[in-house]
Amino acid sequence: MTRKIAILDTTLRDGEQSPGCSMDTEEKLVIARQLLRLQVDAIEAGFPVSSPGDFESVQRIAELVGDRASVVALTRAVDKDIDSAAAALKGCIRPRIHTGLGVSPSHLRDKLHITPDECVERAVHCVKYARNLCDDVQFYAEDAGRSDYEFLARVVQAVIEAGATVVNIPDTTGYSMPDEFGRRIRFLEEHVDGIDGITLSVHCHNDLGMATALSLAGVANGATQVECTINGLGERAGNTAMEEVVMAIRLHDAELDAFTQVDPREITRASRLVSSITGMNVQANKAIVGANAFAHSSGIHQDGVLKNRETYEIISPETVGAWGSRIILTARSGHAALKSRLDDLGYSFDEGTLDILYQRFLELADRKKEVYDEDLESLVNEAARDVDAIYTLESLQVSCGFPLIPTATLTLRDEAGEPHTVCEVGTGPIDAAYKTVDKIVSIRSDLAGFSVKSVSRGIDALGEVTVRVKGPEGRIFIGRGSDGDIIVSSTKAYLNALNRMISAGRLAAR
Ligand code: KIV
Ligand code: ZN
């Protein structure tokens with residue numbers, strides 16, 4: 001294998017564009033740490049001009065990453081976007097500006113209202129403008145998958161001459177067939193001078209369920225970078241799933257003459273982390289990271305696997321880190337054991353935060369005999385959610401049953417430390433609890449989704465609740481909460497969503 005395929009992860013940019021998946025800076029930093037453990041080559045950290053939050057995330061991720069990966073900031077082919085990206089990347093050790101525009105007939109005619117000549121002119125301008133501010137400039141030819149071959153080659157030639165170091169060929173709408181997309185990449189390889197001197201990237205969407213196949217067709221025909229997201233998160237039906245493309249390249253390295261530097265043992269953890277932070281559950285039969293990916297249920301299969309796993313298993317769970325917790329903490333585990341396990345999981349905290357986490361860990365370990373890695377991750381995420389919370393849950397008491405009237409008494413503390421206590425009845429215990437929250441927080445919202453899942457194994461497992469709440473302008477806010485009691489997790493999740501809605505309102509009003 002001679003060709004290194006760079007992996008550009010765009011979970012924090014394209015992935016975040018999935019409806020309801022917006023993340024705050026702290027959450028993005030947690031994911032960025034995991035991307036570093038995976039050893040991706042580049043992290044697309046955001047679209048700085050789009051909001052102050054995105055700008056800050058790019059800055060903070062650049063600080064965190066240091067020289068361990070390139071940090072990529074997205075822009076349109078607009079000078080002020082490029083200025084903003086350059087400002088957000090200031091001080092970054094390996095900055096990359098990712099700029100570009102649509103190149104398909106539909107984008108030129110209906111979205112940009114420009115002629116092909118004007119498109120080439122704008123492409124050249126944005127690359128030159130960005131090159132004045134940054135040495136590493138990636139150009140994207142949006143909707144390349146539906147563009148004319150000759151015109152695409154003309155644009156790619158022009159941006160390479162203008163100084164692009166990476167050229168990204170996206171199948172923005174996931175329209176292409178893999179063979180055809182491969183031919184498109186081959187055509188560029190054969191018709192663009194100087195293409196060997198740049199990184200040729202593919203960025204494929206999953207609208208026909210073929211994003212991974214498209215990306216691999218790109219690799220087979222000369223692409224040297226794949227853009228992807230954890231769990232295939234992304235616009236509409238999503239993006240190429242990193243876990244799929246990395247494992248496919250690993251299993252077919254000889255025929256593709258390719259390898260990546262991604263550490264596959266970090267894949268499962270990355271998948272769980274992104275699912276827990278975004279609230280996007282992974283379907284059980286999802287390749288590589290689904291709950292059933294290594295489950296053999298039929299008798300014939302079980303018989304085969306018992307004789308030799310390879311009869312029905314092309315990847316061992318250990319290869320992708322799906323072995324579950326090896327070290328289990330209990331109420332007898334000390335401060336040092338917790339710190340060491342958190343270190344192993346990639347978290348580092350100051351002593352003050354560790355003390356708080358240790359207290360929470362002891363409370364959890366008192367209720368739950370064994371604390372798994374998944375529980376620790378949930379505990380850390382829960383603590384992170386509390387840091388900037390506007391309202392925090394002080395206490396909740398619920399009575400329900402047959403023929404009782406479900407009643408909740410709840411106390412919330414506001415950011416000034418003032419307690420508020422109310423009591424409400426409802427159609428069920430969660431409804432009653434949510435009514436008490438509504439009475440105190442008093443913000444217009446609709447519950448648009450509710451799901452609960454168990455964080456780890458056993459009857460005493462933590463229940464993690466994810467809610468989707470629709471705000472006044474139809475914007476969706478995700479809230480999460482975990483606890484051994486699912487009424488408490490449900491209330492924490494609802495409160496988390498409302499806290500986010502209030503924070504977003506304050507940010508917009510600034
Ligand atoms: O899908 C797409 O074309 C994109 C570009 C902005 C790279 O996400
Ligand atoms: Zn995209």
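This is a predicted model: local features need pLDDT of at least 70, side-chain atom pairs count only at pLDDT 80 or more; totals for chains, interfaces and linings use all residues.
**View 1. The largest pocket and the residues at its centre.**
The largest pocket of the model has a volume of about 1,300 Å³. Its lining is made up of 45 residues, and those closest to the centre are Met 23, Asp 24, Thr 25, Arg 475 and Leu 507. Helix H1 (25–38), helix H2 (52–65), helix H15 (373–387), strand S16 (476–483) and helix H17 are the elements that give two or more residues to this lining. Helix H17 has the largest share, with eight residues. By type, the lining of the largest pocket divides into 18 nonpolar, 13 polar and 14 charged residues.

**View 2. The second largest pocket and its lining.**
The second largest pocket holds about 780 Å³ of space. Of the 30 residues that line this pocket, Thr 268, Arg 272, Val 289, Ala 291 and Glu 374 lie nearest its centre. At least two lining residues come from each of helix H11 (267–278), helix H15 and strand S14. Helix H11 provides the largest share, six residues. The lining of the second largest pocket is made up of 12 nonpolar, 12 polar and six charged residues.

**View 3. A nonpolar patch on the surface.**
Four residues, Leu 447, Phe 450, Val 452 and Ile 486, form a nonpolar patch on the surface. Together they have about 330 Å² of accessible area. Strand S14 (residues 446–454) gives the most to the patch, namely three residues. Ile 486 belongs to helix H17 (residues 486–509).

**View 4. Helix H8, a mostly covered helix.**
Helix H8 spans residues 211–220 and is mostly covered, with eight of its 10 residues buried. The buried residues are Ala 211, Thr 212, Leu 214, Ser 215, Leu 216, Ala 217, Gly 218 and Val 219. After helix H8 comes Gly 222, which has a positive phi, near 125 degrees.

Terms used. Residues are numbered from 1 along each chain as its sequence is written. Chains are lettered from A and ligands numbered from 1 in the order in which they are written. Side-chain values use heavy atoms; hydrogens and water are left out. Patches are made of residues with over 30% relative accessible area and no salt bridge: like charges are joined within 9 Å, nonpolar side chains (Val, Leu, Ile, Met, Phe, Trp, Tyr) within 5 Å. Accessible areas come from the Shrake-Rupley method with a 1.4 Å probe; for residues, only the protein chains shown count as cover. A salt bridge is a side-chain nitrogen of Lys or Arg within 4 Å of a carboxyl oxygen of Asp or Glu. Helices (H or I, at least four residues) and strands (E, at least two) are DSSP runs, numbered from the N terminus. On a 1 Å grid over the protein atoms alone, a cavity is a set of points where a 1.4 Å probe fits but cannot get out, and a pocket is an open set with protein on both sides within 12 Å along at least five of seven lines; lining residues have an atom within 4 Å of a point. Grid points are joined across faces, edges and corners, and a volume is the space filled by probe spheres set on the points. Ala, Val, Leu, Ile, Met, Phe, Trp, Tyr, Cys and Pro count as nonpolar, Asp, Glu, Lys and Arg as charged, and the others, Gly among them, as polar. Buried means under 20% relative accessible area, exposed over 50%, partly exposed in between (1.4 Å probe, protein chains only).
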